[in-house]
Amino acid sequence: MAMAIKQVSERFNISQDTLRYYERIGLIPPVNRNKSGNREYSEEDCNWVEFIICMRNAGLSIEVLIEYLELLQQGDETSGARKDLLIEERKQLTTRIEVMKKTLERLDTKILRYEQIGEKEKILNR
């Protein structure tokens with residue numbers, strides 16, 4: 001069942017402008033249009049949107065995604081290059097996750113200190 005751009009926007013919690021932009025730059029294939037010229041997203045179109053959002057959330061740049069999709073369009077002979085690209089992006093994501101874990105630990109430590117200070121103040125003010 002075809003979905004209007006508004007429905008897809010709400011389903012994936014992204015703006016309609018972002019969907020149009022992704023289509024314009026080739027991150028998602030051209031979406032079919034009805035007689036009125038309105039976009040009608042198929043389930044396959046939605047799968048592309050979901051993939052792009054997932055990869056963007058993982059930190060992949062638009063340039064990397066365009067490169068990946070260009071390789072994909074070239075066919076099976078580029079599967080090794082696509083895999084290598086994804087492996088490199090995975091390494092970078094792993095590094096970012098480790099940095100974020102360390103940051104989270106530091107924040108937790110700071111918050112705990114403030115909670116301990118608050119407990120001391122409560123005891124002193126009894």
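Select glutamate 23 to begin: its relative accessible area is 13%, so this residue is buried (under 20%; exposed is over 50% and partly exposed in between, with a 1.4 Å probe and protein chains only). The model is predicted, local features need pLDDT of at least 70, side-chain atom pairs count only at pLDDT 80 or more, and totals for chains, interfaces and linings use all residues. Residues are numbered from 1 along each chain as its sequence is written, and side-chain values use heavy atoms, without hydrogens and water.

Arginine 39 is in the loop between helix 2 and helix 3 and glutamate 23 is in helix 2, so the pair ties together parts 16 residues apart in sequence; helices here are DSSP runs (H or I, at least four residues), numbered from the N terminus. Arginine 39 is buried too, at 17%.

Stay in helix 2 and select aspartate 17 and arginine 20, three residues apart, or about one helical turn. They form a salt bridge of 2.9 Å, N to O. Aspartate 17 is exposed at 55%, while arginine 20 is partly exposed at 30%.

Then move to helix 5 (residues 79–124), where glutamate 98 and lysine 101 are likewise three residues apart. Their salt bridge is 3.7 Å, N to O. Glutamate 98 is partly exposed at 37%, and lysine 101 is partly exposed at 46%. The whole structure has five salt bridges.

How values were computed
Salt bridge = Lys/Arg side-chain N within 4 Å of Asp/Glu carboxyl O. Helix = DSSP H or I, 4+ residues; strand = E, 2+ residues; numbered from the N terminus.
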